[in-house]
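Me: I have a structure on my screen and would like to learn how to read it. Could you walk me through it?

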Amino acid sequence: ETKNQIQKTLDAYDAVLADTVKDRRSAYKSLQKEMDNTEKKRAEITLRTGEMDNEANTLFQSWTDSAKAMDNADMRKRTEDRLSQTKASYAEIHSAGAKAQAAYEPLMKSLKDQVAFLGHDLNTSAVASLKPDAAKLHQQAKELFDAIDKTVATANTNIGALRPE
């Protein structure tokens with residue numbers, strides 16, 4: 001959903017820069033709306049990530065306590081090994097997500113700067129001057145989309161490994 005929202009925002013940005021735009025001011029307002037929607041998606045992800053971390057920490061602590069309470073040394077060792085594997089899987093997902101977040105920051109900063117640049121100057125020459133910046137922005141977006149796809153693939157792989165056969 002967030003990737004789709006970012007793409008909608010980039011599409012709105014491209015509409016403002018398009019040579020064929022009929023009403024640049026209206027296109028700019030649409031871009032601002034999409035920027036707000038993108039920020040809302042980001043806030044939602046931040047909230048969900050925090051909830052996921054809290055839930056994981058609670059689970060890992062409970063699992064650790066259960067393992068400590070086991071009298072059977074072999075069973076305790078197996079559960080500790082499974083716990084370690086699960087923590088490693090979680091860390092892999094978290095790491096992939098952090099890379100996506102790190103790619104998000106510069107993209108949005110660049111986009112915000114460009115939107116601010118256009119804020120009071122929507123004339124053709126101002127828009128034309130952003131064309132090289134737009135190319136860089138789209139490269140940043142590609143890197144972010146790749147990072148998002150990697151995060152989703154990593155999560156699916158690791159979560160799939162936890163499912164019973």
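Reply: Happy to; we will take confidence, then helix packing, then the pocket. This is a predicted model, in which local features need pLDDT of at least 70 and side-chain atom pairs count only at pLDDT 80 or more, while totals for chains, interfaces and linings use all residues. Residues are numbered from 1 along each chain as its sequence is written, and side-chain values use heavy atoms, with hydrogens and water left out.

Me: What does the chain average in pLDDT?

Reply: pLDDT is the predictor's confidence in each residue, from 0 to 100. Where pLDDT is low, the predicted coordinates should not be read in detail. Here the chain averages 92, and 98% of the residues score at least 70.

Me: At what angle do α2 and α3 pack?

Reply: Two packed helices are described by the angle between their axes and the distance between the axes. Axes are lines fitted to C-alpha atoms, for helices over the stretch in contact, and angles run from 0 to 180 degrees between N-to-C directions. For α2 and α3 the angle is about 165°, with the axes 11 Å apart. The two are therefore roughly antiparallel (angles over 145 degrees; under 35 is roughly parallel). Their contact holds 15 nonpolar residues (Ala, Val, Leu, Ile, Met, Phe, Trp, Tyr, Cys and Pro), ten charged (Asp, Glu, Lys and Arg) and seven polar (the others, Gly among them).

Me: How do α1 and α3 lie, parallel or antiparallel?

Reply: Their axes cross at roughly 30° and come within 12 Å, so α1 and α3 are roughly parallel. By contrast, α1 and α2 cross at roughly 160°, their axes coming within 8 Å; that pair is therefore roughly antiparallel.

Me: Which residues lie nearest the centre of the largest pocket?

Reply: Rolling a probe the size of a water molecule over the atoms shows where empty space is left. On a 1 Å grid over the protein atoms alone, a pocket is an open set of points where a 1.4 Å probe fits, with protein on both sides within 12 Å along at least five of seven lines; lining residues have an atom within 4 Å of a point. In this model 36 residues line the largest pocket, and Ile45, Thr49, Met52, Gly97 and Thr151 lie nearest its centre. α2 gives the most to that lining, eleven residues.

Notes. Helices (H or I, at least four residues) and strands (E, at least two) are DSSP runs, numbered from the N terminus. Angles under 35 degrees count as roughly parallel, over 145 as roughly antiparallel, 65 to 115 as roughly perpendicular and the rest as oblique.
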